[in-house]
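Keep the viewer open as you read.

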Amino acid sequence: MSSAAPSDSDIVVNERTALLDAGQQGQKKATPLPKLQIAILLLALLVEPIAAQSIYPYINQLVSELDITGGDERKVGYYAGLIESLFFATQALTILQWSRTSDRVGRKPVLLLGIFGLSLSMLCFGLSRTLSGLILSRCITGALNGNIGVMKSMMGELTDSTNMAQGFALMPIAWSLGATIGPMIGGVLESPQQHFPNIFPGVFWTEFPYFLPSAVAAGFAVTCFLAILFFLKETLPRQQTLEKSTSALDGEALNIPENAIEDSPVSIRSLFVPSVLIPIANYGCIATLEIAMYALQPLFYSTPIELGGLGFDPVTIGLWMGAFGIVNGVLQTMIFAPLVNKFGPKTVFRFCEASFIPIFALFPITNIVARQYGINWLVWFLLTCSLLLGVFMDMTFGCILMFITAAAPNKRSLGATNGLAQMTASIVRAIGPATSTSLFAYSVQHKLMGGYAVYAVLVTMSVFAARIASRLPGSSEKKA
């Protein structure tokens, strides 16, 4: 009737054992990261921002040349924004299903299919000379690219509680690098017959001036496809060890969901619980604020000073935004993991998320200084402060991915959990750019709060997001 009380050395099995080691983080040295596997994963991660953003430098010019607007230049931005947003819109419709499929058939097959489809769609985009062709190829790019959720699942499976911060710190760095390389490919390689007439002669390059950047992006995707095919190992276990789980539970009356014991995929409905939805809600908040910031930055830089911007030329804008990618990569590599190890992911997340408030506040302050004194040292100092705050802002993604990984009921549901999170982010990234830039234009046109109303709205949203962050659990590990 009575049984001996379990000693401190007894192993407690609960719903987190499928994902993280049981409470030994402080007692173990950090496990070395599997360098080759993670390197291939990061290489694959570069594909999405390169494919998504390589069109940005020339999309307005392409829309104008195809006479889609009927000669009305005011409509160029509308059609360009539509084509840009379709990637994230179609990705939002399919990414959850791709992630759930990876829970059943494995991560590697889904990753290979997505990258292969992406390479084909980029080639189609470069050969498109009609609006319908551009839209169709862009939709295919987004619909087949469910890779980002799968890659986050693989990173969670390649790391453990001792090195998770190191692993997830690398993902925003890879994304920033891809976001820097993509526009460079599009800007340098468009219209190659004009820029490199000796290398690219012939009628083909005149008829399809944007095929080369699309082909380079597709070629990069093919390289990643081959690296994954031959060198990346499957991370999802095929055989489930129910016997091991049940033997560990012998004589224990623990409240464990059946699907956690069997380590089988769970239904989508079972993911709609606070432990999963709170991290996803935080992910959606920072994705909303981030995409708004990135959409406003080039608009703010290029808009004349008297209309609320800084009046920079495209070269200055490109160099400054490229500098952010470099600084972000260097600093994240150096300080993210040590910060998380010392202060914990929740503290780092809340501190870094709060940086959105001064980032948005610095936009009007910088413009006010430029109106008073022109583009002087103080303007560049404020821009540098904004750049450094942007580095801390980007650290929020590494932190929240750790919480999302730990929120999954088991390994076989990690794909669905990441897919639900990425679907949320894709939805806000599809509507965020047009919403924020329209609000900017409306604020300037109607002189709301002196033309700065858009920033007041975004600061308010940042404060609201900080309140939601307080609901996160104390650590990125599940509690017993």
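Leucine 226 sits in helix α10. In this predicted model, its relative accessibility is 40%, which makes leucine 226 partly exposed, since that category runs between the 20% limit for buried and the 50% limit for exposed. Leucine 226 also belongs to a nonpolar surface patch of about 590 Å², together with Leu36, Val222, Leu229, Phe230 and Phe231. Helix α10, which spans residues 211–231, gives this patch its largest share, 5 residues.

Now zoom out to the whole chain. The protein has 19 helices and 0 strands. Among its contacts between residues at least 6 apart in sequence, 82% join residues at least 24 apart. Of the 480 residues, 52% count as buried. The protein exposes about 21,600 Å², and carbon and sulfur atoms supply 65% of that area.

The structure holds 18 aromatic pairs. Take phenylalanine 200 and tryptophan 205: their ring centres are 5.0 Å apart and their planes meet at 75°, so this pair is edge-to-face, the class for planes over 60 degrees apart. Phenylalanine 200 is buried, at a relative accessible area of 17%, and tryptophan 205 is likewise counted as buried at 17%. Elsewhere you can pick out one aromatic cluster formed by Phe300, Tyr301, Phe312, Trp320, Phe356, Phe360, Phe363, Trp380, Tyr452 and Tyr455.

Finally, let's look at some backbone angles. Which value does phi of serine 191 take? It is near 50°, a positive value in a residue other than glycine. You will find serine 191 in the loop between α7 (164–189) and α8 (192–195). With a relative accessibility of 6%, serine 191 counts as buried, because the limit for that class is 20%.

Lysine 447 also has a positive phi, of about 50°, although it is not a glycine. This residue is placed in the loop between α18 (414–445) and α19 (453–469). Is lysine 447 buried or exposed? Its relative accessible area is 66%, so lysine 447 is exposed.

How values were computed. Residues are numbered from 1 along each chain as its sequence is written. This is a predicted model: local features need pLDDT of at least 70, side-chain atom pairs count only at pLDDT 80 or more; totals for chains, interfaces and linings use all residues. Side-chain values use heavy atoms; hydrogens and water are left out. Patches are made of residues with over 30% relative accessible area and no salt bridge: like charges are joined within 9 Å, nonpolar side chains (Val, Leu, Ile, Met, Phe, Trp, Tyr) within 5 Å. Accessible areas come from the Shrake-Rupley method with a 1.4 Å probe; for residues, only the protein chains shown count as cover. A salt bridge is a side-chain nitrogen of Lys or Arg within 4 Å of a carboxyl oxygen of Asp or Glu. Helices (H or I, at least four residues) and strands (E, at least two) are DSSP runs, numbered from the N terminus. Buried means under 20% relative accessible area, exposed over 50%, partly exposed in between (1.4 Å probe, protein chains only). Contact means heavy atoms within 4.5 Å. Rings of Phe, Tyr and Trp (its six-membered ring) pair if their centres lie within 6.5 Å; planes under 30 degrees apart count as stacked, over 60 as edge-to-face and the rest as tilted.
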